[in-house]
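The points below are meant to be read with the model open alongside. They go from the overall fold to individual contacts, then to the pocket and the surface.

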Amino acid sequence: MKQLKTKLFVKNIYSKGGFELAFVTYPAGIAMSYAPNLWGILFFGCLLFLGIDSAFSMIIAFTTVIEDAWFAKRWKLNKPVLTAIVCVVGFLLGFIYLFDTGYFLMDIADHYLSDWCLMLIGFVQAVACGWFIRHPTKRREWVSSLSFSMICASLWLSHWE
């Protein structure tokens, strides 16, 4: 009976999506699997390392943009100081997610920053490819530089010409 309730609970959560998928649905599935302690440690260790890696990449990208700006050169900010400032500011801004409304704020941020920004980036990339690769010879050079197979390249070129 417990397993049936868990399956129904997992099915209801999975239909929603969001953060429940990683922190409710997968742990419930791991708990029903063979050797749940091992799989739980591996799963949450993977989440931890993915979070650390994402933090590194975001901080490096952000500090590189700031470091190349005119005011960073004018104030002579070096990379370690700038990285420390960005980490402290990010740490302080992260406190808003610790309160009662933190889950809902995170869901809103995830929705608007992930869904809408990714759609905008995909649209801009499609327009940029169509805008800059108009000429047939440039398209041929671009396809050959990507080293597509001959079948894919011919299908792609026949679609555009």
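1. Helices here are DSSP runs of H or I with at least four residues, strands are runs of E with at least two, and both are numbered from the N terminus. On that basis the protein chain has 8 helices and 0 strands, and its elements read α-α-α-α-α-α-α-α from the N terminus on. The model is a predicted one, in which local features need pLDDT of at least 70 and side-chain atom pairs count only at pLDDT 80 or more, while totals for chains, interfaces and linings use all residues. Residues are numbered from 1 along each chain as its sequence is written, and side-chain values use heavy atoms, with hydrogens and water left out.

2. Burial is classed by relative accessible area: under 20% is buried, over 50% is exposed, and what lies in between is partly exposed, with a 1.4 Å probe and protein chains only. Of the 161 residues of the protein chain, 13% count as buried.

3. The structure holds 1 salt bridge, that is, a side-chain nitrogen of Lys or Arg within 4 Å of a carboxyl oxygen of Asp or Glu. The partners are E67 and K79, whose closest N and O atoms are 3.4 Å apart. This pair links distant parts of the chain, since E67 is in helix α3 and K79 in helix α5, 12 residues apart. E67 is partly exposed at 25% relative accessible area, and K79 is likewise partly exposed at 31%.

4. T64 also belongs to helix α3, and the C-alpha atoms of T64 and L82, which are 18 residues apart in sequence, lie 9.4 Å from each other. With a relative accessible area of 30%, T64 counts as partly exposed.

5. A35 sits in the loop between α2 (20–31) and α3, and at a relative accessible area of 30% A35 is partly exposed.

6. A pocket is found on a 1 Å grid over the protein atoms alone, as an open set of points where a 1.4 Å probe fits, with protein on both sides within 12 Å along at least five of seven lines; lining residues have an atom within 4 Å of a point. The largest pocket holds about 1200 Å³ of space, its volume being that filled by probe spheres set on the points, which are joined across faces, edges and corners. Its lining has 22 residues, and G51, S54, A55, M58 and M106 are those nearest its centre. Helices α3 (36–68), α5 (79–93) and α6 each supply at least two lining residues, with α3 giving the most, 8 residues. The lining divides into 18 nonpolar, 3 polar and 1 charged residues, where Ala, Val, Leu, Ile, Met, Phe, Trp, Tyr, Cys and Pro count as nonpolar, Asp, Glu, Lys and Arg as charged, and the others, Gly among them, as polar.

7. On the surface, I96, Y97, L105, M106, I108, Y112, W116 and M119 form a nonpolar patch with about 790 Å² of accessible area together. Such a patch joins nonpolar side chains (Val, Leu, Ile, Met, Phe, Trp, Tyr) within 5 Å, from residues with over 30% relative accessible area and no salt bridge, and the areas come from the Shrake-Rupley method with a 1.4 Å probe. One of its members, I108, is found in helix α6 (residues 102–132) and is partly exposed at 48% relative accessibility.

Methods
Patch = residues over 30% accessible without salt bridge, like charges linked within 9 Å, V, L, I, M, F, W, Y side chains within 5 Å.
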